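Take a look at the model below.

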Amino acid sequence: MDAGFIGFTIAGLAVGFIVGMTGVGGGSLMTPILLWFGINPATAVGTDLLYAAITKCSGVWVHGRNRNIDWPITGWLTLGSVPAAALTLVILNSLHSDTQALNGIIKTALAYVLFLTALAILFRSRLLAFANRHAGDRYSLGPRTLNACTVTTGVVLGAMVSLTSIGAGALGTVALFMLYPVLPTRRLVGTEIAHAVPLTLVAGLGHAGMGNMDWSLLGHLLIGSLPGIYLGSHLSGRIPDAILRPCLAVMLGLIGFKLLN
């Protein structure tokens, strides 16, 4: 077993453990870790996207059995995200011959999305409290406007995830909480996971078609992450959320700052 195999497996184990404990942090941690290992930015994004699609499938199965998925909301999100992902991939493919420009765009976008993710994690409880306070009042949206906003959210997530592999977790969940504050948390989380699977699958396969994929690396990450998610899920709640989430937010912010320098 070579050193690369061990390193990537440990990385998968660590990220899986954090995802299992917090429910967020998959792409926002995995892609920067792959960059730290010296993986090409485009390959890191493409590999992480398929990694996310595979690992989230088990979540869809569990949430689906427990009826924690709102399929109409998933459909409206997908209506916006998948076409946006396809368009983003077309634009990236036009830059594929200029590797330096492509990698520069991905790294810069990655840094800013990491900042947004850190803010979403840090202020998540305040945003949810605001949404719950105003559920049903004059800030509420009508059905047609709500559907349009959901599709627009899907468009933003589709472009963001295809470009950086980040956004479908923390940012997507917060956006859904703001749009649907009266739905139970477990259904919104399940809905976001169900939406993330086709989005990351389409984006990941698109990157694979452009050659931005390392299949061996993907296998190594999965070997570590699957037991990591299992262990983290069983330890969830042992560390206070008030400590865990700020630490994760600060770490993501520092990674984003590092990518810009």
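What follows is a short tour of a predicted model, helix by helix and then ring by ring.

**Helix α4**

Helix α4 covers residues 71-94, 24 residues in total. At 1.5 Å a residue, the helix should span 34 Å. Its end C-alpha atoms are 34 Å apart, so expectation and model agree. The helix is bent, by about 30° at Thr 78.

The N-terminal end of α4 is capped by Asp 70. A side-chain oxygen of Asp 70 lies 3.2 Å from the backbone nitrogen of Ile 73. Ile 73 is also one of the buried residues of α4. An α-helix has 3.6 residues a turn, so residues three or four places apart point the same way.

What covers this buried set? The cover includes α5 (99-122), α7 (143-164), α8 (170-179) and α9 (185-209).

**Helix α8**

Helix α8, part of that cover, has ten residues, and eight of them are buried. The helix is therefore largely enclosed by the rest of the structure. Its buried residues are Ala 170, Leu 171, Gly 172, Thr 173, Val 174, Leu 176, Phe 177 and Leu 179.

Thr 9 sits in helix α1 (residues 3-22). Is Thr 9 buried or exposed? Its relative accessible area is 15%, under the 20% cut-off, so Thr 9 is buried. Beyond neighbours within four places in sequence, Thr 9 contacts His 220, Ile 223 and Gly 224.

The structure holds three aromatic pairs. In one of them, Phe 8 and Phe 37 have ring centres 4.8 Å apart. Their planes meet at 55°, so this pair is tilted. Phe 8 lies in helix α1, whereas Phe 37 lies in the loop between α2 (26-36) and α3 (41-65). The pair therefore ties together parts that are 29 residues apart in sequence.

Accessibility values for three residues discussed here:

| Residue | Relative accessible area | Class |
|---|---|---|
| Phe 8 | 13% | buried |
| Thr 9 | 15% | buried |
| Phe 37 | 33% | partly exposed |

Within the tilted pair, then, Phe 8 is buried, while Phe 37 is partly exposed.

Note on methods
Residues are numbered from 1 along each chain as its sequence is written. This is a predicted model: local features need pLDDT of at least 70, side-chain atom pairs count only at pLDDT 80 or more; totals for chains, interfaces and linings use all residues. Side-chain values use heavy atoms; hydrogens and water are left out. Helices (H or I, at least four residues) and strands (E, at least two) are DSSP runs, numbered from the N terminus. The expected span of a helix is 1.5 Å times one less than its number of residues. The bend at a residue is the angle between axes fitted to the seven residues ending there and the seven starting there. Buried means under 20% relative accessible area, exposed over 50%, partly exposed in between (1.4 Å probe, protein chains only). Contact means heavy atoms within 4.5 Å. A polar contact is a pair of N or O atoms within 3.5 Å; within protein, one must be able to donate a hydrogen and the other to accept it, and residues adjacent in sequence count only if both atoms are side-chain atoms. Rings of Phe, Tyr and Trp (its six-membered ring) pair if their centres lie within 6.5 Å; planes under 30 degrees apart count as stacked, over 60 as edge-to-face and the rest as tilted.
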